[in-house]
2 protein chains.
Amino acid sequence: VPLPETSLIDRIRRMVGPNSTGIAGIGDDCAILRLPPGSELLVSTDLSLEGVHFRRDWHPPETIARRCFARGFSDIAAMGGAPLAFFLSVALPPELKQSWVDRFMRSLVATAGEYGASLAGGDTAQSPDSVLIDMTVLGSVPAGKAVRRNGARPGDGLFVTGDLGGSAAAIQFLRENRRKRPDPGTFPRHFLASPRLAAGLALRKRGLASAMIDTSDGLSTDLAHICEESKVGAEVWAEAVPRARVGKAMREVSLEVALNGGEDYELLFTSPRRVAGAIAGVRVTQIGRIVRGRVVVLKDAEGKSRKLRPGGWEHFR
Amino acid sequence: VPLPETSLIDRIRRMVGPNSTGIAGIGDDCAILRLPPGSELLVSTDLSLEGVHFRRDWHPPETIARRCFARGFSDIAAMGGAPLAFFLSVALPPELKQSWVDRFMRSLVATAGEYGASLAGGDTAQSPDSVLIDMTVLGSVPAGKAVRRNGARPGDGLFVTGDLGGSAAAIQFLRENRRKRPDPGTFPRHFLASPRLAAGLALRKRGLASAMIDTSDGLSTDLAHICEESKVGAEVWAEAVPRARVGKAMREVSLEVALNGGEDYELLFTSPRRVAGAIAGVRVTQIGRIVRGRVVVLKDAEGKSRKLRPGGWEHFR
């Protein structure tokens, strides 16, 4: 008995065809990929579950596709890697409309195309009642050159691309306005999420970043990861943290949301050098510096300090 | 708020530690992998869903782990690749016992260790009500040497490792005996599934296989894939098909089950050469030959032929 999802695999295969530079093995048991000579492979895997990472009543399929893509390739960006390919596993409930799947797939393949990443394979199955996506993303980096989390040194500056809190603010808005769907353009980092691949690549090539991570869990948590892996502390200057402006009124998000809101997919990095105001067309802001010890503090304009604890990032249900 | 599954990621990390030869980036955004020089990367992704690919009341966690592992790495075996690493995404329902998760993880890591594959990363999330596993497996193969499905030529012999139908017979048994759980050793290809990695590697190294696939969907379907990709037909000799002997009584499965039962994870391959009776310690049987045209026929002992249609493989619910 042919399974109903066979048709999705066939459609994925057709989509893969024109996009698959450097990838063979379509129609085989495995995809075959060739890496650039002298490079290492970067791999990251992310589950995106309906009700945990997205909601079908809040997020159009195009947004879900962009957010899955950003989530995966933001990890490649954070290592200074170049995108290579991705693999998509999707479990879909039987009642899901074909048009939803088509919109999701079309958007995912188009987004990937913008960044030079190829859909190289995947798997599909039927789920009992919710959409479930697992994306494995592959990138490459010259051997030994990946930017790790463990390279921050006391005296390094602490920098962030773009601005923070925009994605968490969108979720706040969606929670508070149950009937209204905002214009995606008024919360771009949430609804039109994109990974900072060009900036990550430029930072690595120019040797600017001593340690790097993407802001998927929120600044306070992601900075704690860098400090833990690098065995250092940090000082964050509250006034300097770039806060997203969101909604029709372009209101600045609160410091709290900028510090703890997750899923902005910006790059947080440290550098022993003075980093210019923009990298690959993306604004870069110095928000503090790396210090000895293992404590992260937030300093306000008057110079008063308080401990900055990892604020975490609560997914929504 | 720390998510409950954080502890699983931590446990995965601790498990990854000692096993991760050639893998860096644990604790970073991506795993960093180095491929053997001059090699290409093989990648395959498989979803395993509770109720579709396994049942918790039928399959102990150790069996689910072995079957996930076999499912993924059988694809590496079918390309003649060597195992490299795997990535595990799991969504678990909140009521699942910690002991179940521990048994599953311990068995998966142990099985991987037997084959020299490292758990290199993964992701975890909470699912509403069922266990959901996505495994991405990576292997390597010397550049240009992967055994594809498209290399079968008229005149090649058609061969299979081990025997067929044993896994489907286990499901038949489980369906018919709702209260009884069989001794795993009496249905080894189902409960103790393992990929034919050594045989696949040996066939590739010795240049014996012109085309290869693993029998995940059943002989009739998997042979159709080879014929389609190679643009050839085939003749299968009914008498020669090696049928599994299963259960306490070691009863031979029916020809029907051997032809159409899936998930045996044997290797089906074609060769222009006479292949000896065993490869890497696994029995190899010639079950037919590749012919011109695009038709697959089944020939019985009297020389009568009938069309062999892809029988498909119906997952159980």
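## Strand pairing and the mixed sheet

Two strands count as paired if DSSP finds at least two bridges between them. In this predicted model, strand S4 (residues 82-92) of chain B is joined to S5(B) by eight bridges, and the two strands run parallel. B:Ala85 has B:Ser118 of S5(B) as its bridge partner.

These strands belong to an open sheet of six strands with mixed pairing, in the order S1(A)-S2(A)-S3(B)-S6(B)-S4(B)-S5(B). The edges are held by strand S1 (23-24) of chain A and strand S5 (118-126) of chain B; each has a single partner strand, so one side of each is left without a neighbour in the sheet.

## Helix H2 of chain B and B:Arg71

H2(B) lies across strand S3 (39-49), S4 and strand S6 (132-142) of chain B, and runs at about 35 degrees to S6(B). The helix spans residues 61-78 and includes B:Arg71.

B:Arg71 has a relative accessibility of 13%; the limit for a buried residue is under 20%, so B:Arg71 counts as buried. Its side chain reaches the backbone oxygen of B:Leu47 at 2.3 Å. Apart from neighbours within four places in sequence, B:Arg71 is in contact with A:Asp123 of chain A, and with B:Asp46, B:Leu47, B:Ser48, B:His53 and B:Tyr265 of chain B.

## Helix H4 of chain B

Helix H4 (residues 166-176) of chain B has as its buried residues B:Gly166, B:Ser167, B:Ala168, B:Ala169, B:Ala170, B:Ile171 and B:Leu174. The buried residues of H4(B) pack against H2, helix H5 (188-191), strand S10 (245-246) and helix H8 (255-260) of chain B.

## Strand S14 of chain A

In strand S14 (residues 282-291) of chain A, seven of the 10 residues are buried, so the strand is largely enclosed by the rest of the structure. Strand S7 (residues 157-161) of chain A pairs with S14(A) in the antiparallel sense over five bridges, with A:Leu158 opposite A:Gly288. S9(A) also pairs with S14(A) in the antiparallel sense, over four bridges; here A:Glu235 has A:Arg289 as its bridge partner.

Strand S13 (residues 278-279) of chain A runs antiparallel to S14(A) and is joined to it by two bridges. A:Ala278 is the bridge partner of A:Arg283 in S14(A). The hairpin of S13(A) and S14(A) has two residues between the strands, and A:Ala280 takes a positive phi near 50 degrees in it.

## A:Pro242

A:Pro242 is found in the loop between strand S9 (233-237) and strand S10 (245-246) of chain A. With a relative accessible area of 7%, A:Pro242 is buried. Residues up to four places away in sequence aside, A:Pro242 touches A:Val160, A:Gly162, A:Asp163, A:Leu164, A:Arg283, A:Thr285 and A:Ile287. The C-alpha atoms of A:Pro242 and A:Leu259 are separated by 9.7 Å, the two residues being 17 residues apart along the chain.

## Overall form and the two copies

Chain A has eight helices and 16 strands. Its C-alpha atoms fill a box of roughly 70 × 55 × 30 Å along the principal axes. The radius of gyration of chain A is 20 Å, which agrees with the value near 20 Å for a compact globule of 317 residues. Buried residues make up 62% of chain A. Of the contacts in chain A between residues at least 6 apart in sequence, 83% join residues at least 24 apart.

Methods: Residues numbered from 1 in each chain as written. Chains lettered and ligands numbered in written order. Predicted model: local features only at pLDDT ≥ 70, side-chain atom pairs only at ≥ 80, totals over all residues. Heavy atoms only, no water. Buried < 20%, exposed > 50% of the residue type's maximum accessible area, 1.4 Å probe, protein only. Contact = heavy atoms within 4.5 Å. Polar contact = N/O pair within 3.5 Å; in protein donor to acceptor, adjacent residues only side chain to side chain. Axes fitted to C-alpha atoms, helices over the stretch in contact; angles between N-to-C directions. Rg over C-alpha atoms; globule rule 2.2 N^0.38 Å.
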